Amino acid sequence: MRLNTAVSVLILRIVLGVTFLVHGIMKFTMGLDAVAGMFAGMGLPGFLGYAVSVIELVGGAAMILGLGTRVVAFLFACVMVGAIVTVKWSVGFVGNEDMAGYEFDLALLAISVSLLLTGGGRWALDRFFDKEEHFS
């Protein structure tokens, strides 16, 4: 992997990981029961609130480290598609006075798909578990 590509992947991985980690911390701070209630209030199964919270917190930390990058990126992409389709689509791309639109979610989805396709890059812990990547 060329240096400029490796740096680009690192930046995407760190920004995506920090973003999801912070959102996960916020959900845990709010309380998982409250998050489940919020999901239920939107007409979604409450257990998804628990699942999304864990994906964001644990996945965010793993993404920063580059551990399980492709799996975590897939999970993040699923969360973003779910958020766009179930919550944000109805308010449009830029949103309205009550709620932000799906523009930020779409950007996170694009970064997730990019990392799903490329993997964690040169400075990811994944390299120690992938013989092809380790020696390139």
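Guide: Let's start with a term: buried means under 20% relative accessible area, exposed means over 50%, and partly exposed is in between, with a 1.4 Å probe and protein chains only. You're looking at a predicted model, where local features need pLDDT of at least 70 and side-chain atom pairs need 80 or more, while totals for chains, interfaces and linings use all residues. Residues are numbered from 1 along each chain as its sequence is written, and side-chain values use heavy atoms, without hydrogens or water.

Gly95 counts as partly exposed because its relative accessible area is 21%. Leaving aside residues up to four places away in sequence, Gly95 touches Ala100 and Gly101 (a contact is heavy atoms within 4.5 Å).

Now for the largest pocket, with about 760 Å³ of space. A pocket is an open set of points on a 1 Å grid where a 1.4 Å probe fits, with protein on both sides within 12 Å along at least five of seven lines; lining residues have an atom within 4 Å of a point. There are 29 residues in the lining of the largest pocket, and Lys27, Phe39, Val52, Glu56 and Ala83 lie nearest its centre. Helix 1 (3–30), helix 2 (32–41), helix 3 (47–65), helix 4 (69–88) and helix 5 (103–118) each bring at least two residues to that lining, and helix 4 gives the most, with 9. Helices here are DSSP runs (H or I) of at least four residues. Sort the lining by class and you get 21 nonpolar, 4 polar and 4 charged residues (Asp, Glu, Lys and Arg count as charged; Ala, Val, Leu, Ile, Met, Phe, Trp, Tyr, Cys and Pro as nonpolar; the others as polar).

Stay with Lys27, which is found in helix 1. Lys27 counts as buried because its relative accessibility is 13%. Apart from residues up to four places away in sequence, Lys27 touches Leu32, Val35, Val52, Ser53 and Glu56. With Glu56, the side chain of Lys27 also makes a salt bridge, at 2.9 Å from N to O. That pair links distant parts of the chain, Lys27 in helix 1 and Glu56 in helix 3, 29 residues apart. Glu56 is buried too, because its relative accessible area is 5%. A salt bridge here is a side-chain nitrogen of Lys or Arg within 4 Å of a carboxyl oxygen of Asp or Glu, and that rule gives a count of 2.

Asp105 forms a salt bridge with Lys88, with the closest N and O atoms 3.1 Å apart. Asp105 lies in helix 5 and Lys88 in helix 4, so this pair ties together parts 17 residues apart in sequence. Both of these residues are buried.

Next, the second largest pocket, at about 160 Å³. It is lined by 14 residues, and Arg70, Gly119, Gly120, Asp126 and Asp130 are the closest to its centre. Helix 4 supplies the largest share of this lining, 3 residues. By class, the lining of the second largest pocket has 3 nonpolar, 6 polar and 5 charged residues.

Finally, an unreviewed UniProt entry places a "transmembrane region" at residues 7–26, 46–65, 72–94 and 106–125. In the model, residues 7–26 are 100% helix, with end C-alpha atoms 28 Å apart. Residues 72–94 are 74% helix, and their end C-alpha atoms lie 27 Å apart.

Notes:
Grid points are joined across faces, edges and corners, and a volume is the space filled by probe spheres set on the points. UniProt positions are given in the numbering used here, feature names are shortened, and annotations may be inferred rather than shown by experiment.
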